[in-house]
2 protein chains.
Amino acid sequence: MKARITMATGTETANIAIIGLGLLGASLGMALRGKPYRRLGWTRRAEVRSWALANDVIDESSDDIKSLLAKADLTVLCLPIPRIMEYIETYAACWRPGAVVSDIGSVKEVIVACGEKFLIPHGVDFVGGHPMAGTEKSGPYAAFEKLYAQAEVFVTRTADTVPAALRLVREFWQAVGTKVVEIGVREHDILVAHTSHISHILALALTEAVLDCDLKTQALRYSGCATGFRDTSRITSSAPSMWREIIENNQPAVLEAVREFAARYQKLSELIENRDYDQLEAEFAKGKKLRDAWIGYKNGGQ
Amino acid sequence: MKARITMATGTETANIAIIGLGLLGASLGMALRGKPYRRLGWTRRAEVRSWALANDVIDESSDDIKSLLAKADLTVLCLPIPRIMEYIETYAACWRPGAVVSDIGSVKEVIVACGEKFLIPHGVDFVGGHPMAGTEKSGPYAAFEKLYAQAEVFVTRTADTVPAALRLVREFWQAVGTKVVEIGVREHDILVAHTSHISHILALALTEAVLDCDLKTQALRYSGCATGFRDTSRITSSAPSMWREIIENNQPAVLEAVREFAARYQKLSELIENRDYDQLEAEFAKGKKLRDAWIGYKNGGQ
């Protein structure tokens with residue numbers, strides 16, 4: 001059995017406020033079913049709040065976000081990056097001193113700086129979080145209980161991080177069933193530029209290279225695209241505004257990853273141009289070995 | 001009910017020789033279960049032939065490939081590209097006049113030229129085929145009955161193609177449950193360079209950019225790679241020799257696709273470098289629209 005988190009308030013079951021009930025927020029509520037947390041959920045649209053209450057996504061809601069924040073032991077802001085920062089600033093005075101605020105944003109340096117700046121003066125702790133989970137879909141109705149199953153979650157530590165707050169956030173994500181990895185904010189942003197953000201740029205470039213053509217060519221290419229293209233381009237179907245905001249808030253690291261990819265791609269292009277097929281095959285073999293080892297790790301090896 | 005193909009030989013059930021029982025050959029045998037074809041199967045390794053007979057992948061085998069080819073109304077060469085061309089030349093005299101030979105190779109110009117050169121003098125017809133089906137796995141034990149379900153299959157027509165042979169190959173693939181698309185050999189090779197081959201090069205470049213680094217960085221990146229990376233890089237786990245052979249036999253078209261992708265990627269890189277996020281978001285929106293429309297087509301729309 002998982003131990004209940006005993007909060008400073010003396011309640012046995014922690015109040016978790018999930019702010020934003022899109023894919024990540026609603027899936028988080030679902031993943032907490034049966035766990036010892038009371039789920040206070042809020043999102044802008046009243047009909048989504050009703051849907052979430054009716055479908056056991058959350059336990060309690062309100063049209064007054066402030067009343068929920070005031071009750072929360074831990075708040076997880078499941079919003080787009082600009083909204084996370086806007087809500088921190090707007091509602092900074094609403095949380096009780098000793099409460100902990102976290103988020104699920106894909107970049108951490110700008111968000112954690114904002115959280116610490118506006119919340120510490122109110123005696124509220126901010127710990128950045130980033131679950132490596134998502135699909136190309138978005139919105140509450142794309143949510144599902146297993147979204148976070150076996151995902152890894154980055155939790156940030158800075159010079160101002162309070163150990164008890166960090167522990168609370170770690171234990172929360174462990175209870176959800178994820179694997180927690182502690183990381184610095186800048187280190188995080190450079191990391192995900194390589195492991196995640198760059199993929200969105202090349203999937204987009206591929207989609208455009210293949211499908212952005214005259215209609216006659218496109219009709220033929222529709223037939224020529226199969227499961228390889230489907231998977232390589234999948235994330236192109238993600239929300240455009242979300243990816244704009246992620247890149248906008250992580251530009252230097254993304255640019256570094258963009259150049260790293262370009263260098264690797266250029267090298268492969270030259271092998272093809274020079275008909276150096278032995279070396280090309282060696283590169284394919286190296287790539288297969290690298291990816292198969294990672295898949296082995298993800299499947300429980302390591 | 002599907003009509004039985006009546007062959008020139010007068011038999012009611014056509015003899016289909018499946019040469020090569022790897023992922024594509026063995027899956028083809030499985031897909032033909034319950035269809036009015038007698039499946040003659042051959043592959044180099046005797047234990048795979050036994051496995052295929054024991055698992056209803058084929059109906060008949062032999063350690064003598066020539067005896068099977070002599071009985072075949074239609075032969076489908078399910079081999080790597082160099083082996084397809086080698087077998088055509090080696091066994092050209094083994095088929096009966098009037099028999100039809102086809103293949104599943106990912107390039108068509110070199111294979112069809114070889115097929116016509118060596119088989120027409122023997123009164124045997126060659127029609128190139130290329131089912132857009134496969135996974136990153138290979139070998140007989142990766143085979144499954146549904147590999148070809150709803151796949152599109154390119155069937156080539158040249159100045160030397162005999163209409164009855166083309167019809168036989170078309171009807172065969174329709175019986176398997178695929179959608180047949182007729183195409184010229186050069187047009188095919190240019191098409192798949194864009195819709196398939198290029199994806200393998202950029203998935204490889206991505207895998208190297210993300211995972212080919214010092215072990216400490218790699219350990220962290222293992223955590224930072226999630227479903228986005230998994231899918232974008234999936235085809236990197238394909239057989240290296242196969243992709244070397246495909247690119248080697250389609251170099252000019254692949255190089256054209258490599259350059260098309262590079263131009264698109266370069267444009268996106270510049271938007272990021274210049275912090276032109278409005279235009280970047282517009283590109284993300286365009287890409288999403290293009291891919292979602294293709295997915296709609298694949299899911300039965302159009």
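Reader: Which residues of strand β3 (residues 74-77) of chain A point one way and which the other way, and are they buried or exposed?

Author: The model is a predicted one, and the description below should be read accordingly. In strand β3 of chain A, A:Leu74 and A:Val76 point one way, while A:Thr75 and A:Leu77 point the other way. All four of these residues, A:Leu74, A:Thr75, A:Val76 and A:Leu77, are buried. In a regular strand, side chains alternate between the two faces of the sheet. For burial, the cut-off is 20 or more other C-beta atoms within 10 Å of the residue's own.

The strand has pairing partners to consider next. Strand β1 (residues 14-19) of chain A runs parallel to β3(A), and 4 bridges join the two. Within this pairing, A:Leu77 of β3(A) is the bridge partner of A:Ile19. Strand β4 (residues 100-103) of chain A also pairs with β3(A) in the parallel sense, over 4 bridges. Here A:Val76 stands opposite A:Ser102 of β4(A). To pass from β3(A) to β4(A), the chain goes through helix α4 (residues 81-91) of chain A, and this β-α-β crossover is right-handed.

The setting of the strand is chain A as a whole. Its secondary structure comes to 12 helices and 8 strands. Chain A is as compact as a globular protein of its length, because its radius of gyration of 22 Å is close to the 19 Å that the globule rule gives for 302 residues. Taken along the principal axes, the C-alpha atoms of chain A fill a box of roughly 70 × 40 × 35 Å. Of the 302 residues in chain A, 53% are buried, and the residues of β3(A) listed above are buried as well. Among contacts in chain A with a separation of 6 or more, 71% are between residues 24 or more positions apart.

A:Asp56 is found in the loop between α2 (46-54) and α3 (65-71) of chain A. A:Asp56 is not a glycine, yet its phi is positive, at about 55°. Most residues other than glycine have a negative phi. With 14 other C-beta atoms within 10 Å, A:Asp56 is partly exposed, whereas A:Leu74, A:Thr75, A:Val76 and A:Leu77 in β3(A) are buried.

Technical notes:
Residues are numbered from 1 along each chain as its sequence is written. Chains are lettered from A and ligands numbered from 1 in the order in which they are written. This is a predicted model: local features need pLDDT of at least 70, side-chain atom pairs count only at pLDDT 80 or more; totals for chains, interfaces and linings use all residues. The radius of gyration is taken over C-alpha atoms; the globule rule is 2.2 Å times the number of residues to the power 0.38. A residue is buried if 20 or more other C-beta atoms lie within 10 Å of its own, exposed if 12 or fewer, and partly exposed in between; C-beta atoms are placed from the backbone. Two residues are in contact if their C-beta atoms, placed from the backbone, lie within 7 Å. Two strands pair if DSSP finds at least two bridges between them. A crossover is right-handed if, with the strands pointing away from the viewer, the path from the first strand over the helix to the second runs clockwise.
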